[in-house]
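Please open the structure in your viewer and keep the selection tool at hand.

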Amino acid sequence: MSVTVEIDPGSGFCFGVVTAIRKAEEVLDKEGRLYCLGDIVHNSAEVERLRQRGLITITHADLEHLHDVKVLLRAHGEPPSTYELARRNNIEIIDATCPVVLRLQSRIKQTYDNAGSDTQIIIYGKHGHAEVNGLVGQTESKAIVAEDISGLDTIDFRQPIALYSQTTKSPEGFSHMIAEIERRKAPDIRFDHYDTICRQVSGRADALRRFAAAHDVVLFVSGAKSSNGRVLYSECLGVNPRTHLIAGPDAIEASWLDGAASIGICGATSTPSWLMEEVRQRALSLITPD
């Protein structure tokens, strides 16, 4: 039996990640060293590849002690306090914040600056996520982060509400948040909601479901830190129970491939194409002809 092993052509880095890595490589090509505030992408294999080229990942605590260097801000974005610290320490910022995230930051700041003091800004997103931290920073840390409907319990439904979303959350989840707020708020209370989900990311869900359904086995490649990866993996698993989440080729178990005539390989917006190709080669090596 011949077995086909196909990489999903729509998987891999999104525009924001591509831009961040390109900017990093441009500096590394010229100078051989560059600091990056946090992992440039939520994929340990890609982080290691760039580390070997001279990219040094630092924390916010590290940033406080750096002076007169270049620091890259990744696609997730940063709060205003990071830019202020860089200015004080004479740090040159290489800003790779995704344009979609920048627009969202600007909209949240505008709402915060112009809305009444009683307006509650709610961000549908993951607590502690780098992008969410940057969004909350636009409100002097006053925005409320809600990961799901249970996170709405801290809201005063007798006061005006403005709801935004982290760019990589699911449209379905956002719709559920809107419906729950509409259900619970007082009838005369203003409620504004803004769909700020990146369609380049959310649009992949439909395509991935079709891809997963078209194969006997799916190998979904994603780093453990990728929120987007967990969401898209769940979409694949929902249509194909033989979907396996792996970080790289060494995680593949030969038994997963038993009896499969077609194997699909796909990944998150933080998954490099070279890693998916390594997974493909590993899968091919495990296939035993009849």
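Accessible areas come from the Shrake-Rupley method with a 1.4 Å probe, and for residues only the protein chains shown count as cover. On that basis the accessible surface of the protein comes to about 13,700 Å², and 50% of this belongs to carbon and sulfur atoms.

This is a predicted model, in which local features need pLDDT of at least 70 and side-chain atom pairs count only at pLDDT 80 or more, while totals for chains, interfaces and linings use all residues. Residues are numbered from 1 along each chain as its sequence is written, and side-chain values use heavy atoms, with hydrogens and water left out.

**The whole chain**

Along the principal axes, the C-alpha trace spans about 70 × 55 × 25 Å. Buried residues, meaning those under 20% relative accessible area (1.4 Å probe, protein chains only), make up 52% of the 290 residues. A contact means heavy atoms within 4.5 Å. Among contacts with a separation of 6 or more, 70% are between residues 24 or more positions apart.

**Strand S12**

Next, select residues 262–267, which form strand S12. Is this strand enclosed or open? Because 6 of its 6 residues are buried, S12 is largely enclosed by the rest of the structure. In a regular strand the side chains alternate between the two faces of the sheet. Here Ser-262, Gly-264 and Cys-266 lie on one side and Ile-263, Ile-265 and Gly-267 on the other, and both faces are covered.

Strand S1 (residues 4–7) runs parallel to S12 and is joined to it by 4 bridges, with Thr-4 opposite Ser-262. Strand S10 (residues 217–221) is also parallel to S12, with 5 bridges between them, and Val-217 stands opposite Ile-263.

**Thr-167**

Finally, select Thr-167, in the loop between strand S8 (161–165) and helix H7 (171–184). Thr-167 counts as buried because its relative accessibility is 6%. Which residues does Thr-167 touch, not counting those up to four places away in sequence? They are Val-100, Val-101, Leu-104, Glu-131, Thr-196, Ile-197 and Cys-198. Show their side chains to view the surroundings of Thr-167.

How values were computed:
Buried < 20%, exposed > 50% of the residue type's maximum accessible area, 1.4 Å probe, protein only. Helix = DSSP H or I, 4+ residues; strand = E, 2+ residues; numbered from the N terminus. Pairing = 2+ DSSP bridges.
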